[in-house]
Structures are given as structure tokens and as C-alpha cells.
Amino acid sequence: MPVRSGAMEIAADMDTARHAPEATAPPRSDVPVFSARGLNKVYGSDETQVHALRDVDLDIWRGEFVVLLGASGSGKSTLLNILGGLDVPSSGEVRFAEHRLTGADESELTTYRREHVGFVFQFYNLIPSLTVRENLGLVTDIAVDPMPIDEAIALVGLTPRRDHFPAQLSGGEQQRVAIARAIVKRPEVLLCDEPTGALDYTTGKLVLEVIARINAELGTTAVVITHNAAIAGMADRVLHLGDGRIQKVQVNAHKISPSELSW
Ligand SMILES: Nc1ncnc2c1ncn2[C@@H]1O[C@H](COP(=O)(O)OP(=O)(O)OP(=O)(O)O)[C@@H](O)[C@H]1O
Ligand SMILES: [Mg+2]
């Protein structure tokens, strides 16, 4: 790897990506966690057709913290949902480690999501009639090798709130419960779609700190969608999406801790 200083921007030219992958991604293992080639996603047909992703090539490496940045409608959620097995591309191929996601049937995708992927969305989707511990219990009951519920709750700093109901928690605390629920099954990847979208500045930072900590301490590969360019500083790599394409890849030689970000 060449020594880098500061943020380096590289055009996501397909040839560059194919012939010199080390120029766009700091490899941390031989097999990428995610590998996508020639991804296209078209919604609808005829006049109502929307081309949400166009010829996307992408590798994401184990332990990386990747931010997806781009305007509304640029294809961020579509890409994340395809990586997470919630949606399928119209053409192209996606792999999770050695497993081909394209071509998998619905039950295989369900197993993939259940065993390997933690999702965090803008809205927390906690079960209101269950306590924090019970919300996590819904996951650990069916997970293959979960961590102890209290360990996941401690990781997000909510031990004193573990027997509270969602309505007794602030928005930021509820989002931290959602993160604990996503990671309690020890997923390889944590996929977050605007996790701070509904939160104020200070609370949003706390939530980002939790995601960064899980990435650093558990080695969980994290992909985080945001509209907020300031958040990009905490990533290893920032993929700038525009009009369904990866238009620019930014590699951060020095990651900034969420507490040092300001916007
Ligand atoms: N189920 C769907 N049916 C039809 N069009 C869709 C569907 N989902 C997304 N689209 C379209 O695909 C394009 C990309 O959508 P996507 O949700 O991926 O954007 P995004 O970058 O996540 O935007 P935002 O920042 O607003 O969440 C948009 O033009 C959107 O209208
Ligand atoms: Mg979106």
C-alpha cells in the first residue's frame, strides 16, 4: 500500500477498479465481504421506469467502515438493500464472501439476512410492549451464536435502561437499542440506512460513536448511509453516489472519531 496523506479522491473509473483494486480499497483480507459487479436496478417499466443503479462495481473488505453519501434518489438505499438481501438487482452479480446472493431464492436470502446481517434504519422499529432486553430476546431466540443480551446492551451504553420500555427512552436511546438488537447475533456486517436521520446533533453523534465502536471492537464491517457529508470523516472509505453510479471514492488515511466531527 502506498503511504497516503489526508483524504485521497479517486475517480471510480471501472478500469481503475478492475485493474488496480488496491488503489480504491485498503484490503484487509483476501476475499471481500461484499463484491458486486455490473449491478443495475430498474424499477417499474416503460414510461414509469426508474434506473436506480447503473453498472455499479464494488468491493467492501472485512472490518471496513464505509459511508455511502449522495443526494436523495441517488440509489443509496437501493444499493444497501441489495447488499443486505432485502432486494435483488435487475442485472449483475453480488457476492457475500464466497456466497452468490444473486440467484439465491427467498428462503436462502432470509437465512442470509438472519445469520449474517444486522440492519439499522432511520426509525427504530422496536416492539413497544417489550422491554429493551425482551426486544433483543426476539433475536437471540433464533440466532445461531448470539452474544449475551446484557453484553450487547452494555456495548451501546444502556445497561441502566435495560428493563425499560421503548416509550420510556429518548430517540437516541431507542436507536442504540436498535443497534444492540442488530449486533446481538454477532453479524459479520452492520448495514445502517440514515441511522441519525431522526436525531438531533448531539444524539446523532452518540449513535455514530456506538457504530464506530462496534466496528472497531468487534471488527464488524459497517456500511452507513448518510446525507451528511461531515459524517464521511469517520469512514475508512466514502462512496459518493450520484444518479445510480459510484461517482467518486474517497479514502480517508486518518479517520476522525465521531466526537470530533462537527456539522
Ligand atoms: N420500490 C420502488 N419502486 C420504484 N422506484 C423506486 C423504488 N425504490 C426506489 N425507487 C427509485 O429509485 C431511485 C433510488 O432510490 P433510493 O431509495 O435508492 O435513493 P436514496 O439515495 O436512498 O434516496 P434518499 O436519500 O431519499 O433515501 C429513486 O429515484 C427512487 O424513486
Ligand atoms: Mg434512502
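This is a predicted model: local features need pLDDT of at least 70, side-chain atom pairs count only at pLDDT 80 or more; totals for chains, interfaces and linings use all residues.
**A chat about helix α7 and its surroundings**

User: Thanks! And how many residues does α7 have?

Analyst: Helix α7 has 18 residues, 201-218. From first C-alpha to last it reaches 26 Å, close to the 26 Å expected at 1.5 Å a residue.

User: Which residues of α7 are buried?

Analyst: Among them are Val207, Leu208, Val210, Ile211 and Ile214, and Lys205 and Asn215 are buried too.

User: Let's zoom in on isoleucine 211. What is it in contact with?

Analyst: Setting aside neighbours within four places in sequence, isoleucine 211 is in contact with Ile179, Leu190, Cys192, Pro195, Ala222 and Val224. In the largest nonpolar core, which has 66 residues, Ile211 is one of those touching the most other members, together with Leu68, Ala180, Leu190 and Val223.

User: New topic: what surrounds ligand 1?

Analyst: Its surroundings include Tyr43, Val50, Gly73, Lys76 and Thr78. By class, the shell has three nonpolar, eight polar and one charged residues.

User: Which element gives the largest share of that shell?

Analyst: That's α2, with three residues. Both β3 (50-60) and α2 (76-83) supply at least two residues each.

User: Last one: how many helices and strands are in the protein chain?

Analyst: The protein chain has seven helices and eleven strands. Of its 263 residues, 41% count as buried.

How values were computed. Residues are numbered from 1 along each chain as its sequence is written. Chains are lettered from A and ligands numbered from 1 in the order in which they are written. A residue is near a molecule or strand if its C-beta atom, placed from the backbone, lies within 6 Å of it. Helices (H or I, at least four residues) and strands (E, at least two) are DSSP runs, numbered from the N terminus. Ala, Val, Leu, Ile, Met, Phe, Trp, Tyr, Cys and Pro count as nonpolar, Asp, Glu, Lys and Arg as charged, and the others, Gly among them, as polar. A residue is buried if 20 or more other C-beta atoms lie within 10 Å of its own, exposed if 12 or fewer, and partly exposed in between; C-beta atoms are placed from the backbone. A nonpolar core is a set of buried Ala, Val, Leu, Ile, Met, Phe, Trp, Tyr and Cys residues joined through C-beta atoms within 7 Å. Two residues are in contact if their C-beta atoms, placed from the backbone, lie within 7 Å. The expected span of a helix is 1.5 Å times one less than its number of residues.
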